[in-house]
Structure formats: structure tokens, C-alpha cells
Amino acid sequence: MELFIYVFAALFSVINPLGTVPIFVGLTQEYSASERSRTSLLTAVNIFVILLISFFTGRFILHFFGISIESLRIAGGLIIVTSGFALLTGSFSKHKGMEKERVKNDAFQRDSVSLTPLAIPMLAGPGSISLLIGMYEDYSIISEKIITIIAILGVCLATFLVLRSSHYIVKMLGASGINAISRIIGFIVIAIGIEYISSSIIIVLSNVFK
């Protein structure tokens with residue numbers, strides 16, 4: 001149960017579906033309620049598929065390019081930290097590239113926004129992918145991998161519920177409420193990223209000075 005809570009909390013914080021709520025509302029403002037529900041479901045399914053593929057195939061990509069797990073964690077930690085700072089400073093959309101006019105226009109012209117830009121890069125981005133690749137190396141027991149997969153499914157379900165309720169969340173919390181929650185999550189995300197970087201640096205230094 002502790003592993004499930006840890007994976008769920010870490011992955012949910014890094015994915016941060018609450019930070020995507022204003023963008024989802026903007027992209028689906030002309031959708032009907034059923035279309036918004038369908039888009040939310042497709043987005044959650046896309047995220048689950050992307051994260052699951054990353055979880056199981058990430059190590060093969062690392063081996064192919066000769067990248068060590070410590071290097072991946074340091075790089076992923078840096079990405080996670082920058083995402084956390086973007087949440088703290090209120091520049092999450094700009095950090096994800098959604099402030100660029102061409103990207104915005106492209107998003108609004110798409111028949112479906114569930115895969116891009118919502119699933120990629122807004123939700124299942126480099127930070128969450130690198131986090132899962134690291135977890136695959138950490139949890140070698142079959143039962144731990146199953147718990148991790150269940151946690152991924154739980155995060156995707158939570159993301160679906162958040163996106164499906166996004167218009168109600170905006171009405172209840174408003175922009176200031178969402179920003180306040182995003183800043184709290186941003187602080188947690190920064191802590192996760194720093195933990196990944198520091199632990200990996202300690203391992204690298206210990207191997208050097210053996």
C-alpha cells in the first residue's frame with residue numbers, strides 16, 4: 001500500500017492534471033458535455049498507453065543509447081525541477097510550449113486534442129516518462145511492478161475525473177484557486193526532482209571513489 005501511495009503521489013504531482021485544467025477548458029470551450037467527457041476519456045487512455053510503454057520499454061532505449069540509469073535520473077530530475085518552478089511562477093503553459101501562437105492555433109484546429117497537445121506534451125511529458133523508467137529499475141519484483149501499473153492506472157483515472165470536471169473546477173476555484181493549488185504541487189514536484197538528482201549524484205560519486 002505504501003508503494004502505491006508513493007508512486008501515485010509522485011506521478012500525479014509530476015503530471016499535474018490540475019495545471020492543465022485552464023488549457024483543457026480553453027481547448028474544449030465549444031464542445032458539448034458529451035464531447036468533453038469523450039475527450040477526457042481519450043486523453044486518459046492515451047496517457048496510460050504512453051506511460052505503460054515508457055515503463056516497460058524505457059530500459060531498452062537506455063541500453064541502446066548507452067545511457068546509465070543515474071544519468072537518466074539526473075536529466076529527468078532537472079526536467080521535473082524546471083516543471084516545478086514553472087508551476088511556482090505561474091508559467092506552466094509557457095514551459096509546455098502552449099504560449100506559442102502557432103502551437104495554440106494548431107491545437108484549436110485539430111479535430112481531437114486528446115493525444116496532442118493534452119496527452120503529449122502537457123501531461124505525459126519527459127518528466128513523468130523518466131520517472132517511470134527509473135521506477136522500473138528500482139522495483140524489480142513482479143508484485144512491485146504490478147502495484148506500479150495499478151498506480152499508473154489510478155493516476156490516469158484521477159486525470160480523467162479532473163479533466164471531466166474541469167469546467168466545474170474552474171467555476172468553483174477560479175483562476176486564483178487553481179494557481180494556488182498549482183503552486184503547492186509545484187513545491188512538491190521540485191522536491192521530487194531534487195531527490196532524484198541528489199540520490200543519483202551520491203551513487204555516481206560513490207562509484208567514482210570506490
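A: The crossing of helices α1 and α9 is right-handed (the near helix is turned clockwise from the far one by less than a right angle). The model is predicted, so local features need pLDDT of at least 70 and side-chain atom pairs count only at pLDDT 80 or more, whereas totals for chains, interfaces and linings use all residues. Residues are numbered from 1 along each chain as its sequence is written, and side-chain values use heavy atoms, without hydrogens and water.

Helix α1 spans residues 2-15 and helix α9 residues 142-164; their axes lie 9 Å apart and form an angle of about 40 degrees (helices are DSSP runs of H or I with at least four residues, numbered from the N terminus; axes are lines fitted to C-alpha atoms over the stretch in contact, and angles run from 0 to 180 degrees between N-to-C directions). The two are therefore oblique to each other, a class left after angles under 35, over 145 and from 65 to 115 degrees are set aside.

On the α1 side, the contact (heavy atoms within 4.5 Å) is made by Leu 3, Phe 4, Val 7, Phe 8, Leu 11, Phe 12 and Ile 15. Helix α9 contributes Glu 144, Ile 147, Thr 148, Ile 150, Ala 151, Ile 152, Gly 154, Val 155, Ala 158 and Thr 159. Sorted by class, the contact holds 13 nonpolar, 3 polar and 1 charged residues; Ala, Val, Leu, Ile, Met, Phe, Trp, Tyr, Cys and Pro count as nonpolar, Asp, Glu, Lys and Arg as charged, and the others, Gly among them, as polar.
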